Amino acid sequence: MTNVGAHPEHRTRISPMPLRARPLGIHTLDEPVAFMRTDCHVCRSEGLSSRSRVLLRSGDRTVVATLYQVSSDLVAVDEVGLSEAAWSLLGVVHGNPITVHHPDPLTSFAHVRSRIFGNRLSPGQFREILDDVAARRYSSVETTAYLVSGSSFPLDEAETVALTRVMVDLGETLTWPNTPIVDKHCVGGLPGNRTTPIVVAIAAALGLTMPKTSSRAITSPAGTADAMETLAPVDLDLPAIRRVVEREGGCVVWGGAVGLSPADDLLIRVERVLDLDSEGQLVASVLSKKIAAGATHLVLDIPVGPTAKLRTAAAGEALAGRLAAVADQFGIATRVVITDGTQPVGRGIGPALEGRDVLAVLQQTPGFPEDLRARACALAGAVLELSGKASPGEGVVIAAQTVANGRAWAKFQAICEAQGGLRTPPTAPYQHSLTALSYGRVTSIDNRRIARVAKLAGAPGSKSAGVEMHVRLGDEVSSGQPLYTIHAETPGEIEYSLDYVAAKPDIVGVGGA
């Protein structure tokens with residue numbers, strides 16, 4: 001009897017007939033999405049249905065996308081409609097032929113399932129997962145499963161070191177001819193804590209090298225890159241970063257523009273939607289970018305307070321120990337500074353408002369936020385001492401002098417010009433103040449809720465949006481005195497924020513004086 005069928009592994013795959021590319025102008029953030037008709041011959045022959053993962057190919061470019069099916073005339077039966085992300089990644093023009101296939105099986109997801117059930121992952125397994133994440137083979141659902149697997153069952157130190165190393169290996173790296181290369185990082189959770197631009201200006205003015213690559217907001221109303229972008233361009237490529245640092249000694253740029261940790265950049269975008277920031281992933285995310293940027297000395301700012309990300313000194317010290325232990329595995333000297341996280345820092349919460357605070361401190365504008373200046377000088381002093389630029393106990397004094405004598409402001413201007421030009425932060429067209437209902441003293445400020453108000457007002461997407469604080473803990477206030485002002489770009493965002501405030505009336509607590 002003649003065997004007329006080949007073994008499945010040896011069959012030649014027949015490519016389906018190509019479809020014509022059609023741009024739909026649909027923005028799906030960074031997730032590639034394809035749209036095809038339910039009666040499309042490719043869907044039928046390939047057995048595709050909505051939410052299938054599909055491999056799109058045009059010439060030598062491929063991308064894995066999520067498929068949605070339509071029964072309307074949004075696309076023709078011989079077309080594949082593409083989201084903006086898919087269109088950009090494929091680099092096609094309208095009408096280009098695209099073939100659509102099933103992608104290869106996502107074998108690395110078995111490791112994610114394994115971890116969900118309580119098993120530790122090896123360096124090789126992390127590598128397989130992050131390879132697929134960086135190549136955009138994971139959908140947002142699969143990425144979410146990976147992130148949750150490290151949150152509900154926290155990574156141990158060995159896993160965190162392995163994950164950090166894989167993240168570094170997958171991205172670009174910067175090397176510098178001199179040492180030390182200094183850096184600082186805040187673990188977040190404290191609104192308005194925009195010390196980085198001031199610290200970089202102080203360090204560079206005193207001759208240190210500080211190539212600061214910063215993140216955009218994950219769960220906050222503004223990341224350092226969001227605030228800095230209101231003062232200067234931050235989307236610099238690697239040659240531009242090197243040029244700025246070689247010329248001025250420092251920079252403040254968005255790390256996501258240069259691919260220092262491309263897998264982490266994709267994970268962060270999902271974390272932002274989930275409002276999730278697990279400890280192991282946080283440590284690997286922070287340190288992978290410091291290692292990739294060439295840092296040799298790192299100061300870590302860990303705010304602790306009842307409504308901060310870390311609520312107790314014990315939690316702060318535990319995270320500090322974990323960061324320091326993993327950093328040591330990569331030869332980075334660290335110094336941890338546990339800081340006050342009981343209330344927002346400065347006056348502004350949101351990109352432009354925080355940018356204005358930075359300018360006020362550096363320019364020594366009368367009435368500048370003293371708490372932001374003091375905090376930045378304390379962290380800059382730690383950088384100076386850790387790097388050997390200042391003797392123990394002298395760093396904060398030298399840092400404060402550098403601000404007071406104008407050298408930090410001069411250096412910051414030079415850095416901004418080198419990055420593309422100093423900007424003026426925008427002002428929101430709509431503002432609404434919340435006032436004290438009675439005479440008393442400010443007894444509490446809820447960091448998480450005030451940050452939520454700023455996000456509902458449009459921050460960080462709307463650069464001018466956010467919250468401007470008018471009081472601090474312990475301040476005496478009279479009836480009708482403004483406590484904080486909401487800034488927004490539309491009246492609807494003001495109303496949306498006020499709805500939340502009405503439901504949470506004790507965002508700023510005022511008690512009897």
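C43 is buried, with a relative accessible area of 3% (buried means under 20% relative accessible area, with a 1.4 Å probe and protein chains only). Keep in mind that this is a predicted model, where local features need pLDDT of at least 70, side-chain atom pairs count only at pLDDT 80 or more, and totals for chains, interfaces and linings use all residues. Residues are numbered from 1 along each chain as its sequence is written, and side-chain values use heavy atoms, with hydrogens and water left out.

**Cysteines**

- A disulfide is a covalent bond between the sulfur atoms of two cysteines.
- Searching the whole structure turns up zero disulfides (a disulfide here is a pair of cysteine sulfur atoms within 2.5 Å).
- C43 is in no disulfide, and its nearest cysteine sulfur, that of C40, sits 4.7 Å away.
- C251 is buried too, at 0% relative accessibility.
- For C251, the closest cysteine sulfur is in C416, and at 11 Å that is too far for a bond.

**The barrel**

- Six strands form a closed barrel in the order β1-β5-β2-β4-β3-β6, with mixed pairing (strands are DSSP runs of E, at least two residues long, and helices are runs of H or I, at least four, numbered from the N terminus; two strands pair if DSSP finds at least two bridges between them).
- Neighbouring strands of this sheet are turned by 45° against each other on average, direction ignored (axes are lines fitted to C-alpha atoms).
- Strands β1 (residues 19-23) and β5 (residues 79-82) run parallel and are joined by four bridges.
- Look for P23, which stands opposite L82 in β5.

**The largest pocket**

- The largest pocket holds about 1,100 Å³ of space (a pocket is an open set of points on a 1 Å grid over the protein atoms alone, with protein on both sides within 12 Å along at least five of seven lines; lining residues have an atom within 4 Å of a point).
- Of the 50 residues that line this pocket, V187, G188, G189, T219 and K309 are the closest to its centre.
- Helix α11 gives the most to the lining, with seven residues.

**The largest cavity**

- There is one cavity of 30 Å³ or more (a cavity is a set of grid points where a 1.4 Å probe fits but cannot get out).
- About 50 Å³ of space lies in the largest cavity.
- Its lining includes R115, F126 and Y146, and helix α5 (residues 140-152) gives the largest share, four residues.

Definitions and conventions:
Axes are lines fitted to C-alpha atoms, for helices over the stretch in contact, and angles run from 0 to 180 degrees between N-to-C directions. Grid points are joined across faces, edges and corners, and a volume is the space filled by probe spheres set on the points. Buried means under 20% relative accessible area, exposed over 50%, partly exposed in between (1.4 Å probe, protein chains only).
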